[in-house]
Amino acid sequence: MINATGVHKSFAIGSRTVHALRGIDLSIESPGFYAIMGRSGSGKSTLLHMLSAMDRPDKGEIIVSGHAIHSMGEAQATMFRRKDIGVIFQAFNLIPTMTALENVQLPGLLAGDQSKELIARSHELLDLLGLEDRTTHRPEALSGGEQQRVAIARALLYKPAVIFADEPTGNLDTAASAMVWSMLRDIAKEQRVTIVMVTHEPQAASYCQRIFVMNDGMIVGTIDAPEQGAFDAGTIATRTQHLLSATQ
Ligand SMILES: Nc1ncnc2c1ncn2[C@@H]1O[C@H](COP(=O)(O)OP(=O)(O)OP(=O)(O)O)[C@@H](O)[C@H]1O
Ligand SMILES: [Mg+2]
C-alpha cells in the first residue's frame with residue numbers, strides 16, 4: 001500500500017541547509033487508520049508532502065498504491081493526486097462560491113467529468129458524512145466541522161485506496177474534532193481505505209491502530225493499539241515521550 005525506503009529531503013534557506021527528512025523507512029501493508037506524531041519541525045508535513053506527490057524526495061523510493069512517486073513528473077503527479085489518493089488539510093480548502101455538493105464534485109469537474117455517476121457518488125458521500133441536509137449550503141453557511149466533513153467527502157470521491165490528512169482538526173473544537181476522528185476511523189474500516197493522519201494530539205492518535213513517532217527527520221518508533229480495549233491518550237503521550245527521550 002505504502003512503502004517508503006531511505007527517504008531524504010533537504011531545504012536550502014540562504015546559506016543554511018535544513019535536513020527535514022533523514023532516511024525515512026515506512027511501510028503500511030493493510031488498510032486502516034494510522035497516525036504520524038512528533039514535535040513541531042520533526043518533518044511530519046514534509047513526509048506527507050513526499051507521500052502525496054506534492055514534492056519529490058532528494059533520495060529514496062516511495063511506492064503508494066503501486067505508483068512510484070519518487071520518479072514521477074509533474075503531470076503524472078497531478079493525475080495521481082486527483083485520482084489515486086485523497087488529501088485533507090488543516091485549512092479546509094473549499095471553494096467559497098460553490099455549494100457543499102459542488103465542492104465534493106470538484107476533482108471530477110476539474111477533470112471534465114459531469115456524469116450522473118459523479119453526482120450520485122457526491123450525494124452518497126455527503127450522506128456518509130452526515131451532511132445530507134447541507135448539500136446546497138456554501139462553506140460560509142457551514143460550521144468548521146461540517147466544512148471539514150465536506151473536504152473528507154471530496155477526498156473520497158474517486159474511491160482512493162489511500163488518504164493523507166495533515167492536522168485535519170487543527171482548526172476545530174473538541175466536539176467537532178472527535179466527530180472527524182471517529183468518522184475517519186469508521187471510513188478506514190468500512191471502506192477499507194488506508195488513512196494516514198499527521199497530528200500533535202494524543203487524543204487524535206487514540207483513534208488510530210498504529211502510531212509512527214518522528215523525531216528530527218526520522219521515524220524513531222511505532223506504537224500499536226492494544227489488542228483488547230481502547231488506546232488511551234494518556235498512554236500514547238507517555239509512550240511517545242519515552243521514545244523521544246530515548247533518541248535525544
Ligand atoms: N519548503 C520549505 N522550505 C524550507 N524549509 C522547510 C520547508 N518545508 C519544511 N521546511 C523545514 O523542514 C523542517 C520540517 O518541517 P515540517 O513542516 O515537515 O515539520 P512538521 O513536523 O510538520 O512541523 P509542525 O508540527 O510545526 O507542522 C523544519 O525545520 C522546516 O522549517
Ligand atoms: Mg506540519
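Reader: What is the volume of the second largest pocket?

Author: On a 1 Å grid over the protein atoms alone, a pocket is an open set of points where a 1.4 Å probe fits, with protein on both sides within 12 Å along at least five of seven lines. Points are joined across faces, edges and corners, and the volume is the space filled by probe spheres set on them. Here that gives about 300 Å³. This is a predicted model, where local features need pLDDT of at least 70 and side-chain atom pairs 80 or more, while totals for chains, interfaces and linings use all residues. Residues are numbered from 1 along each chain as written, chains are lettered from A and ligands numbered from 1 in written order, and side-chain values use heavy atoms, without hydrogens or water.

Reader: Which residues lie nearest the centre of the second largest pocket?

Author: Lining residues have an atom within 4 Å of a point. Among the 16 here, Arg-185, Lys-189, Tyr-207, Cys-208 and Gln-209 lie nearest the centre. Strand S3 (32-38) and helix H6 (174-190) each give two or more residues (DSSP runs numbered from the N terminus: helices H or I, at least four residues; strands E, at least two). H6 has the largest share, with 3 residues.

Reader: And what is the volume of the largest pocket?

Author: About 410 Å³. Its lining has 17 residues, with Arg-81, Arg-82, Val-87, Pro-107 and Arg-154 closest to the centre. At least two residues each come from helix H2 (74-83), strand S6 (85-88), helix H3 (100-110) and helix H5 (144-155); the largest share, 4 residues, is from H2.
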